[in-house]
Amino acid sequence: MFTLVWSRVRTAALALSAVAALASGTTGAAAAPAPAPAKQGPTSVAYIEVNNHSMLNAGKYTLANGGGNAFDVAVIFAANINYDTSTKAAYLYFNENVQRVLDNAATEIRPLQQKGIKVVLSVLGNHQGAGFANFPSQQAASAFAKQMSDTVVKYGLDGIDFDDEYAEYGNNGTAQPNDSSFVHLVTAVRANMPDKIISLYNIGPAASRLSYGGVDVSSKFDYAWNPYYGTWQVPGIALPKSKLSPAAVEIGRTSQSTAADLARRTVSEGYGVYLTYNLDGADRSADVSAFTRELYGSDAVYTP
């Protein structure tokens, strides 16, 4: 994921239900979340680099006033779109750390969902020439869409995030971006997952190719956000303000004053999402409070 400073080389019956699901081998069966304490304000998003940090960090912050979750969406960063040179096809790839999170959904994902936090899987290019924007046909795009939606079902996730970076289009003899690819892909993903989250990290060739053949997929996204940390930039997609995050901060790197200013602007200009990146395992309550005070009128409390 690109940053201005590059940093990328998120009741008893229920408990018995979850245990039964695990015992039966249905990895994707998730316990229904307990209602989170009410919180008024924008949706807050935390990308978590699972190569280095635990997804559970997103659930360690609550609001001092009312006890609501500081974060509403936690993003697993990141799965990859890889390229098989023998079959000349893209495929969904999980490195060992992403696979560990998925395989241990009962302890890495379910605790967040049971608190009311949505867990989304980000998918990122991997320098192999395969990307969201260069599928050669609708059939190829639909095949990859099925891999994504099958993963959401299998592991009980809440959705998919598209991040069109590091594809290095043209590697391994792959094609350059075309206008139809991402439209076909998003259309198929939404058809497969009508009730799940689809979000757009607003960067790369895919982000500027949202319309083809009279079909505009903008409305198929639940959220879109600015990819440049420490800045304000309204995503160029036709979504209502309630689904956009012009603010983007990197926790521990973006200054607390900037994070607060961006949160204040989010509220004053009526936007509905606030994006953060790189939530680690340290006590970041001061950094998180800098923006929760502006978004929700409350400090954040860290509970290890």
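The largest cavity in this predicted model has a volume of about 50 Å³. The second largest pocket holds about 230 Å³. A cavity is a set of points, on a 1 Å grid over the protein atoms alone, where a 1.4 Å probe fits but cannot get out. A pocket is an open set with protein on both sides within 12 Å along at least five of seven lines. Grid points are joined across faces, edges and corners, and a volume is the space filled by probe spheres set on the points.

Local features need pLDDT of at least 70 and side-chain atom pairs count only at pLDDT 80 or more, while totals for chains, interfaces and linings use all residues. Residues are numbered from 1 along each chain as its sequence is written, and side-chain values use heavy atoms, with hydrogens and water left out.

**Largest cavity**

- The lining consists of V249, E250, I251, G252, T254, S255, Q256, A259, D287 and F291; a lining residue has an atom within 4 Å of a point.
- Strand 13 (247-250), helix 8 (256-268) and helix 9 (285-296) are the elements that give two or more residues to this lining.
- Helices (H or I, at least four residues) and strands (E, at least two) are DSSP runs, numbered from the N terminus.
- By class, the cavity lining has 4 nonpolar, 4 polar and 2 charged residues.
- Ala, Val, Leu, Ile, Met, Phe, Trp, Tyr, Cys and Pro count as nonpolar; Asp, Glu, Lys and Arg count as charged; the others, Gly among them, count as polar.

**Second largest pocket**

- Strand 4 (89-93) and helix 5 (138-155) each supply at least two lining residues.
- Helix 5 gives the largest share of the lining, 4 residues.
- The pocket lining divides into 10 nonpolar, 5 polar and 1 charged.

**Whole chain and confidence**

- The protein chain has 9 helices and 15 strands.
- Of its 304 residues, 52% are buried; buried means under 20% relative accessible area, exposed over 50%, and partly exposed in between (1.4 Å probe, protein chains only).
- The chain exposes about 12300 Å², with carbon and sulfur atoms supplying 52% of it; areas come from the Shrake-Rupley method with a 1.4 Å probe.
- Mean pLDDT is 91, and 88% of the residues reach 70 or more; pLDDT is the predictor's confidence in each residue, from 0 to 100.
- Among the elements, helix 1 (residues 12-23) has the lowest mean pLDDT (38), and strand 12 (residues 244-245) has the highest (99).
- Residues 1-26 have pLDDT below 50, and this stretch has 54 contacts in the model beyond near neighbours in sequence; contact means heavy atoms within 4.5 Å.
- Where pLDDT is low, the predicted coordinates should not be read in detail.

**A70: a buried loop residue**

- A70 sits in the loop between strand 2 (61-63) and strand 3 (73-84).
- A70 counts as buried because its relative accessible area is 0%.
- Apart from neighbours within four places in sequence, A70 is in contact with K39, S44, Y61, T62, L63, V288, T292 and Y296.
- A70 and T292 are 222 residues apart in sequence, yet 7.1 Å apart in space, C-alpha to C-alpha.

- E96 is in helix 2 (residues 96-103).
- E96 is exposed because its relative accessible area is 67%.
- E96 and V50 are 46 residues apart in sequence and 9.8 Å apart in space, C-alpha to C-alpha.
- V101 also lies in helix 2.
- V101 has 1% relative accessibility, so V101 counts as buried.
- Not counting residues up to four places away in sequence, V101 touches V50, M55, I76, E108 and I109.

**Backbone points to check**

- The peptide bond from F77 to A78 is cis, with omega near -5°; A78 lies in strand 3.
- E168 has a positive phi, near 55°, and is not a glycine.
- N172, also not a glycine, has a positive phi of about 55°.
- E168 lies in the loop between strand 6 (159-163) and helix 6 (181-192), and N172 is found in the loop between strand 6 and helix 6.
- E168 is partly exposed, with a relative accessible area of 40%; N172 is partly exposed, at 45%.
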